[in-house]
Amino acid sequence: MANNKVRSMTAFGRAEVTYSTGTAVWELRSVNHRYLEPHFRLPEAARALEPKLREVLRKTLNRGKVELGLNLKPISGETAAIEVNQALAEQLVKAANQVSPAADSLSLNPLEILKWPGVIAEPETNAEEQANAILDSFKQALKQVVDNREREGAELAGFIEARLASIGEQVTTVRALLPQILQNQREKLRTRLEELLEEIDKDRIEQEIALLAQKADVDEELDRLEAHITETRRVLKNGGAIGRRLDFLMQEFNREANTLSSKSVVTDTTQAAVELKVLIEQMREQIQNIE
């Protein structure tokens with residue numbers, strides 16, 4: 001199933017399809033997980049279909065822990081007549097009469113006979129019809145899961161996009177302040193060095209100032225943050241199984257935020273670095289639920 005939308009990994013789906021002798025009812029629940037981990041609960045009549053069901057699931061979902069339960073309900077009420085295996089019932093009565101001399105208190109209850117396996121004949125089921133109903137209802141329930149995942153995925157994408165915009169604002173703010181920050185830093189360093197080391201060569205002072213200013217320059221970190229914003233938006237736009245890629249990008253965001261923090265020489269960049277870390281962590285928490 002082609003997909004270019006962002007999906008969460010949390011969803012529920014339920015569907016039922018009725019056939020001539022019963023109803024196939026599926027309930028599917030999925031939560032976040034590193035890989036695709038399905039757990040099928042199937043009645044014996046559907047065991048042979050499990051490989052096919054797994055194939056359909058694998059082609060539809062990429063990640064998530066998925067609980068998949070099937071219930072086959074026979075048609076009840078007036079539409080389903082009870083058929084008694086008369087021959088088997090008579091054999092049970094005959095056998096009971098044979099042992100009755102040895103058990104004078106033995107009383108034969110008709111309901112006990114009906115409970116005996118095979119006395120009430122199960123309605124004949126068309127195996128192909130039942131299999132088709134099971135597959136049809138499975139695909140319907142799975143589509144509900146996908147639709148729910150995509151709806152929640154769109155909300156997660158909007159949440160992440162809002163944080164990306166906030167990160168972009170922080171980058172813009174720091175970049176605008178950077179020339180003045182560096183100039184102020186140079187002046188402070190020059191004044192301090194001139195006061196303490198009046199005898200030192202002026203050229204040496206300028207070299208030290210340039211070196212320290214270079215260490216405080218975070219222009220490259222700001223460039224990389226902007227590049228990560230662009231890449232994250234591209235990944236969100238492409239959609240599909242993007243959770244792992246987004247998780248990697250959050251690590252890259254964190255690396256730049258940490259470097260910005262370590263290079264901080266004024267309150268403005270320190271506050272920006274803290275705000276970046278908060279925004280990145282908020283995104284990371286939500287990304288854990290993206291397929």
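What we have is a predicted model, in which local features need pLDDT of at least 70 and side-chain atom pairs count only at pLDDT 80 or more, while totals for chains, interfaces and linings use all residues. Residues are numbered from 1 along each chain as its sequence is written, and side-chain values use heavy atoms, with hydrogens and water left out.

Let me begin with the chain, which has eight helices and six strands, where helices are DSSP runs of H or I with at least four residues and strands are runs of E with at least two, numbered from the N terminus. Along the sequence, their order is β-β-β-α-β-β-α-α-β-α-α-α-α-α. Of the 291 residues, 36% count as buried, meaning under 20% relative accessible area with a 1.4 Å probe, protein chains only. If we take contacts (heavy atoms within 4.5 Å) between residues at least 6 apart in sequence, 79% of them join residues at least 24 apart.

Now to the helix pair: how do H6 and H7 cross? The axes of H6, residues 219-238, and H7, residues 243-263, come within 10 Å and cross at roughly 165°, the axes being lines fitted to C-alpha atoms over the stretch in contact, with angles from 0 to 180 degrees between N-to-C directions. That makes H6 roughly antiparallel to H7, a term used for angles over 145 degrees. Among the residues making this contact are Leu225, Ile229 and Val235 of H6, and Leu246, Leu249 and Phe253 of H7.

Definitions and conventions:
Parallel < 35°, antiparallel > 145°, perpendicular 65-115°, else oblique. Buried < 20%, exposed > 50% of the residue type's maximum accessible area, 1.4 Å probe, protein only.
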